[in-house]
Amino acid sequence: MKPTNQVKMEFESRSANEGFARASAACFAAQLDPTLEELGDIKTAVSEAVTNCIVHAYPDTIGRVMLRLRLFADNTLEIAVRDWGVGIADVEQARQPMYTTGGSERSGMGFTIMESFTDQCRVKSGSGKGTTIVMRKKISMRTARK
């Protein structure tokens, strides 16, 4: 299915840019007229994905993070977050609740949260090749727009 609208941006893996990515995703998603709860879900999922890039992909350096947002005619928002960092050696293990490579101050709940706040969450990664997370969220059609 071809998107009806899309945007792609790239930024440095600095913690200050997490809020920028979160707000940008919410503003772009506003075209679908989401509820406040749906907007909150989108912002939370983006925040977790971008934070993973900042903390895990580039633990000792600043790298690139790409955010791509696409809208589809069926009222679905697709969110892709990509980095070119260290990658994830074992994706299935990393998706387990409470698993983290970020030390004791990290909760290990990033993937669990992304999965909880979206309808679909796919992860592609390889050691030394970076990680791409693609999430999809269907936005409800409100009565006034049907």
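1. Within what distance do the axes of helix 1 and helix 2 come, and at what angle do they cross? The axes come within 9 Å and cross at roughly 145 degrees. Axes here are lines fitted to C-alpha atoms, for helices over the stretch in contact, and angles run from 0 to 180 degrees between N-to-C directions. Helices are DSSP runs of H or I with at least four residues, strands are runs of E with at least two, and both are numbered from the N terminus.

2. On the source: this is a predicted model, in which local features need pLDDT of at least 70 and side-chain atom pairs count only at pLDDT 80 or more, while totals for chains, interfaces and linings use all residues. Residues are numbered from 1 along each chain as its sequence is written, and side-chain values use heavy atoms, with hydrogens and water left out.

3. The crossing of helix 1 and helix 2 is right-handed (the near helix is turned clockwise from the far one by less than a right angle). On the helix 1 side the contact is made by Glu18, Ala21, Arg22, Ala25, Ala26 and Ala29. Helix 2 contributes residues including Leu39, Ile42, Val46, Val50 and Ile54. Contact means heavy atoms within 4.5 Å.

4. Overall, the protein chain has four helices and five strands, and along the sequence they follow the pattern β-α-α-β-β-α-α-β-β. Of the contacts with a separation of 6 or more, 66% are between residues 24 or more positions apart.

5. The five strands form an open sheet in the order 1-2-3-5-4, with antiparallel pairing. Strands pair if DSSP finds at least two bridges between them. Strand 1 and strand 4 are the edge strands, each pairing on one side only. From one strand to the next, the twist averages 10 degrees.

6. Helix 1 packs on this sheet, where it touches strand 1, strand 2 and strand 3, and its direction makes about 175 degrees with that of strand 1. Helix 2 lies across strand 1, strand 2, strand 3 and strand 5, and runs at about 10 degrees to strand 3.

7. Strand 1 and strand 2 pair over eight bridges, and Lys8 has Arg68 in strand 2 as its bridge partner. Strand 2 is joined to strand 3 by eight bridges, with Met66 opposite Arg82 in strand 3. Strand 3 and strand 5 also pair over eight bridges, and here Glu78 stands opposite Arg136 in strand 5.

8. Buried residues (under 20% relative accessible area; exposed is over 50% and partly exposed is in between, with a 1.4 Å probe and protein chains only) make up 45% of the 146 residues. The largest nonpolar core has 33 residues, and Ile42, Leu67, Leu77, Ile79, Val81, Ile133 and Met135 have the most contacts inside it. Such a core is a set of buried Ala, Val, Leu, Ile, Met, Phe, Trp, Tyr and Cys residues joined through side-chain atoms within 4.5 Å. Among the elements that each supply at least two residues are strand 1 (5–12), helix 1 (16–29) and helix 4 (110–117). Helix 2 gives the most, with nine residues.

9. Leaving aside neighbours within four places in sequence, Val81 is in contact with Ala49, Val50, Cys53, Val65, Met66, Leu67, Thr131, Thr132 and Ile133.

10. Most residues other than glycine have a negative phi. Asp33, in the loop between helix 1 and helix 2, has a positive phi of about 55 degrees although it is not a glycine. Asp33 is partly exposed, with a relative accessible area of 30%. Asn75 lies in the turn of the hairpin formed by strand 2 and strand 3, which has three residues between the strands, and has a positive phi of about 70 degrees. Asn75 is buried, at 8% relative accessible area.

11. Leaving aside neighbours within four places in sequence, Ala73 is in contact with Met1 and Thr4.
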